[in-house]
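Please look at the sequence and the model shown below before reading on.

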Amino acid sequence: MKKTDFQYYIGGAFQLGIGFGVVSLLSRWVTGNTILSSPETLIKYGLTGGIGYSLMGALALILFGILAKKIRDRFHDQQTIGDVLRERLTPRGYWFMITILLVISFHSIFVQAMGAGILLHMIFPLPVFSGMVFFLLFCFFIGGAGGMQRIHQLSGINVVLIFSAVIIIPVYFYIQEGVYPVYEGIKLYHPYILYVKNTEAVLFIFTAILIGFGQVIIDRASWQRVFIIKKEKLRITFTLAGLIWATIPLALSSLIMIIIFGRSYDSIYSLLFELIGKINSTLLIVLFVLFCFSAISSAVSAELHAIVTLIIKNIVGMLRPLSNKEKWRFTYLFSGAICLSLFIIVSILPPSPIELLFFFGNIYASVIVPMLYIILGSKTLPSLIPLASIIGTAGGFAALPIMENLFAIWISFCLSGLICLGHFIYNLLRMKLIVKV
Amino acid sequence: MLPIESFSIYIMFCVLVPLAGAFTLLFLFVFEKRIDLLEKQKREIALERELQTALYNQLNQEIQPHFFFNTLNSILALARLDRKAELIRSIETLSKLLKFKYRTLNNVISIEDELTYVNYYLEIQKTRFRDRLHYEIHLDNHVSKSIIIPFLIQTLVENAFKHAFERHIGEALLKINIIKIESAVHVTVWNNSLELNETSPQDGGVGLENIKRRLKLLFPDDETSVQLTDQEDGTAVFAIFPHVIMSEKLEGESTQ
């Protein structure tokens with residue numbers, strides 16, 4: 001395959017083994033959300049919540065690994081989630097689903113960029129936009145213009161940086177401070193964290209697993225990796241990626257306790273970045289900044305690459321046939337436009353974090369059953385199935401005033417699930433009637 | 001409230017698990033290729049062993065005196081009748097058939113090559129059976145470069161002759177159908193005999209078992225199947241295995 005071929009941009013030059021597959025998935029899934037949401041779960045649901053958050057990610061990836069083998073067996077000629085949707089849905093259903101995908105993609109990449117903005121705001125005494133120019137240019141060259149090959153070249157460095165930071169920094173602090181002062185400080189300022197018989201955390205863990213699985217099952221970048229990891233190694237790669245990923249939020253939660261053990265806090269989301277103020281060693285500050293930068297930039301690059309591929313292969317390519325040269329031109333154009341719009345939004349908005357954990361949780365929960373139906377079903381599905389995820393999301397949002405956020409997410413999941421089940425039973429009965437006649 | 005002891009264990013766990021994760025990754029990077037190589041070698045040895053068995057079965061099954069003498073007699077008849085062109089063609093085909101049989105040492109060949117060999121065999125059988133024998137071969141263009149284990153189709157075709165056509169008088173119809181369905185290659189060898197199952201001796205079963213084992217060794221992670229079924233109008237054997245292009249297989253092996 002030539003380097004100028006657009007297929008090379010989408011999938012890189014070779015099929016990945018377990019090692020590279022795990023690294024590629026880790027660099028996609030250790031994101032700004034991981035850094036920003038770990039404190040949130042720890043503070044809201046205590047230590048049980050911290051473990052639950054790790055479990056969520058691990059289980060989501062493991063479950064998707066089971067599906068990945070089936071996806072690869074059934075849609076072996078495809079390259080993206082959009083290709084599979086086109087094969088399985090009617091044209092109208094396809095465009096519905098692509099719209100949902102685009103909305104989720106832009107939201108997801110926006111959240112990552114905001115995370116980068118907060119990080120830059122906290123580290124450098126410069127206006128956010130100057131840092132953002134550098135950050136987005138980097139992501140543009142790696143994910144936007146570089147393609148899968150370039151992402152993989154950097155993912156090894158990213159994972160080395162991530163593990164160096166999450167291993168060295170906690171060890172350094174706990175050796176310096178000792179566990180006892182941290183325990184005493186947390187007992188004094190934040191005793192709720194140590195309260196483990198927390199029934200609410202159980203509901204949180206199950207809901208988090210639901211959202212996590214929803215996130216992975218509709219993640220454009222993970223779908224692309226399903227088609228570039230060696231088929232016989234798919235399940236083990238996703239399982240190992242899940243288990244290894246789970247170690248990172250755990251390490252981050254131990255870091256959070258270092259930050260909050262002797263004081264209160266203003267905002268949950270910027271807590272981890274406040275670690276910079278606590279670190280005395282310049283080397284560790286550099287390591288921590290590089291960790292945050294590589295986690296966020298690798299996630300943004302993977303996300304950017306996946307969105308651009310989706311737009312060119314499954315949107316523009318569907319509207320009119322594109323030559324290889326045009327595909328490359330559109331790649332630069334769209335990735336440039338996305339980076340520019342992110343730059344403008346992040347520069348205009350104040351660098352304050354947004355509600356992360358359960359924002360969009362309704363969409364992720366309501367998209368699970370329709371996606372499972374799309375992957376495992378055998379016939380072309382009508383637009384009702386993608387519509388079920390929109391109805392589920394709307395139902396969940398409508399239920400928000402009368403019930404808790406977590407329950408609303410389950411409402412979304414059940415509503416879309418019921419619609420798909422109804423369609424499945426209706427189809428089954430109709431087939432039986434046809435056979436009888 | 002969590003006591004200090006449990007909290008310490010929790011912190012120790014949080015600090016140590018990333019180390020375990022990093023070690024796992026390191027282990028994968030260092031040993032993955034070696035483990036793959038060992039597995040590949042193990043599979044190749046088993047495949048080669050099975051190929052030897054297949055070759056042995058083939059020799060046992062086919063270079064039997066009656067096949068050989070019947071073929072020689074047919075060729076002799078052509079010489080006596082002075083049908084020179086047909087005679088030359090028959091000897092040439094017999095020579096190619098024997099050459100292929102003794103020279104095949106690879107674990108996989110392309111379907112195209114396998115069919116060439118089958119065609120030699122059928123041509124020879126045509127000189128023996130003359131107008132009694134009618135055969136059709138349908139090959140889906142998508143699978144001509146796909147890989148197959150050597151002697152798969154050949155064994156099925158020979159079984160048809162051995163257990164059906166050579167035992168019963170009357171028309172001998174044989175159909176070979178090779179198509180691609182989704183990501184799998186479906187090979188069907190059908191003959192118009194209805195008594196294959198009743199009369200099938202043990203060596204036919206051994207041939208099918210050998211095919212099953214070799215397919216499983218070649219595609220350990222994919223679904224493969226070999227099935228003999230009695231149909232209303234005859235007997236068919238179905239073999240299903242994944243569609244892998246010859247060049248992809250070679251490429252995959254060179255990158256490992």
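What is the handedness of the crossing of H6(A) and H14(A)? The crossing of H6(A) and H14(A) is right-handed, a term used when the near helix is turned clockwise from the far one by less than a right angle, left-handed being the anticlockwise case.

## Basis of the model

This is a predicted model, in which local features need pLDDT of at least 70 and side-chain atom pairs count only at pLDDT 80 or more, while totals for chains, interfaces and linings use all residues. Residues are numbered from 1 along each chain as its sequence is written, and chains are lettered from A and ligands numbered from 1 in the order in which they are written.

## Chain A as a whole

Chain A holds 17 helices and zero strands; helices (H or I, at least four residues) and strands (E, at least two) are DSSP runs, numbered from the N terminus. Its radius of gyration is 22 Å, close to the 22 Å given by the globule rule for 437 residues, so chain A is as compact as a globular protein of that length. The radius is taken over C-alpha atoms, and the rule is 2.2 Å times the number of residues to the power 0.38. Along its principal axes, the C-alpha trace of chain A spans about 75 × 50 × 45 Å.

Of the 437 residues of chain A, 53% count as buried. A residue is buried if 20 or more other C-beta atoms lie within 10 Å of its own, exposed if 12 or fewer, and partly exposed in between, with C-beta atoms placed from the backbone. Among contacts in chain A between residues at least 6 apart in sequence, 83% join residues at least 24 apart; a contact requires C-beta atoms, placed from the backbone, to lie within 7 Å.

## Helices packed against H14(A)

Helix H6 (residues 128-144) of chain A packs against helix H14 (residues 324-348) of chain A at an angle of about 160°, with the axes 10 Å apart. Axes are lines fitted to C-alpha atoms, for helices over the stretch in contact, and angles run from 0 to 180 degrees between N-to-C directions. H6(A) and H14(A) are therefore roughly antiparallel, since angles over 145 degrees count as such, under 35 as roughly parallel, 65 to 115 as roughly perpendicular and the rest as oblique. Residues making the contact include Phe129(A), Met132(A) and Leu136(A) of H6(A) and Cys339(A), Leu342(A) and Phe343(A) of H14(A). The contact residues divide into eleven nonpolar, four polar and no charged; Ala, Val, Leu, Ile, Met, Phe, Trp, Tyr, Cys and Pro count as nonpolar, Asp, Glu, Lys and Arg as charged, and the others, Gly among them, as polar.

Helix H5 (residues 91-123) of chain A meets H14(A) at an angle of about 50°, with their axes 10 Å apart. H5(A) and H14(A) are therefore oblique to each other, and their crossing is right-handed. Ile109(A), Phe110(A), Ala113(A), Met114(A) and Gly117(A) of H5(A) touch Leu342(A), Ile345(A) and Val346(A) of H14(A). Seven of these residues are nonpolar, one is polar and none is charged.

Chain B has eight helices and seven strands. Of its 256 residues, 30% count as buried.

The contact between the chains takes 23 residues from chain B and 30 residues from chain A. Helix H1 (residues 4-62) of chain B gives the most to the side of chain B that touches chain A, with 18 residues. That side of chain B divides into 16 nonpolar, five polar and two charged residues.

Note on methods: Two residues are in contact if their C-beta atoms, placed from the backbone, lie within 7 Å.
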